[in-house]
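Student: I have not seen this structure before. Could you take me through how to read it, one feature at a time?

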Amino acid sequence: MISILTPSRGRPHLAKRMYDSAKNTAQNPKDIQILFYLNEDDKTLKQYTSVLPADSFIVGPDQSTSYS
C-alpha cells in the first residue's frame, strides 16, 4: 500500500487531476491511497467534495501543513 497525503486549498480541479493521474498510473489502483486535507474555511470546499470521492479527503481547521 502506498499512501499519498496532500494538503490542498483553492485548487479542486488540480486535486482531481492528481487523484486521477495517480490512480490511472498505479498497476493496481487498490494499492494506492490518496488523501487530501481540506480546510473547512476554503471557499472552494464544495467543489472539492463534488469532484473527489468521499473517502479521499478530510476536512478540518486551518492549520500548519505538518499537522495536516
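**Reading the strands, core and charges**

Tutor: In β2, isoleucine 32 is the bridge partner of isoleucine 2. Helices (H or I, at least four residues) and strands (E, at least two) are DSSP runs, numbered from the N terminus. This is a predicted model, in which local features need pLDDT of at least 70 and side-chain atom pairs count only at pLDDT 80 or more, while totals for chains, interfaces and linings use all residues. Residues are numbered from 1 along each chain as its sequence is written, and side-chain values use heavy atoms, with hydrogens and water left out.

Student: How many bridges join strand β1 to strand β2?

Tutor: Two strands pair if DSSP finds at least two bridges between them. Here seven bridges join β1 (residues 2-8) to β2 (residues 32-39), and the two strands run parallel.

Student: What unit do β1, α1 and β2 make?

Tutor: A crossover is right-handed if, with the strands pointing away from the viewer, the path from the first strand over the helix to the second runs clockwise. These three elements, β1, α1 and β2, form a right-handed β-α-β unit.

Student: Which residues make up the largest nonpolar core?

Tutor: In soluble globular proteins, nonpolar side chains tend to be buried together. A nonpolar core is a set of buried Ala, Val, Leu, Ile, Met, Phe, Trp, Tyr and Cys residues joined through side-chain atoms within 4.5 Å. Buried means under 20% relative accessible area, exposed over 50%, and partly exposed in between (1.4 Å probe, protein chains only). The largest core has eleven residues: Ala15, Tyr19, Ala22, Ile32, Ile34, Phe36, Leu38, Leu45, Tyr48, Leu52 and Phe57. Two or more of its residues come from each of α1, β2 and α2 (45-51). The most come from β2, which gives four.

Student: What does leucine 38 touch?

Tutor: Contact means heavy atoms within 4.5 Å. Not counting residues up to four places away in sequence, leucine 38 touches Ser8, Leu45, Tyr48, Phe57, Ile58, Val59 and Gly60.

Student: How many salt bridges does the structure hold?

Tutor: A salt bridge is a side-chain nitrogen of Lys or Arg within 4 Å of a carboxyl oxygen of Asp or Glu. The structure holds two. One joins the side chains of arginine 9 and aspartate 41, at 3.0 Å from N to O. Arginine 9 is in the loop between β1 and α1 and aspartate 41 in the loop between β2 and α2, so the pair ties together parts 32 residues apart in sequence. Arginine 9 is partly exposed at 36% relative accessibility, and aspartate 41 is partly exposed at 43%.

Aspartate 20 and lysine 16 also form a salt bridge, with their closest N and O atoms 3.0 Å apart. They are four residues apart in helix α1, so about one helical turn separates them.

Student: Is lysine 23 buried or exposed?

Tutor: Lys and Arg count as positive and Asp and Glu as negative; His and the chain ends are not counted. Lysine 23, in helix α1 (residues 12-25), is buried yet has no salt bridge. The nearest side chain of opposite charge, aspartate 55, is 7.0 Å away. Leaving aside neighbours within four places in sequence, lysine 23 is in contact with Pro29, Ile32 and Ile34.

Student: Where does lysine 30 lie?

Tutor: Lysine 30 is in the loop between α1 and β2. Its relative accessible area is 72%, so lysine 30 counts as exposed.
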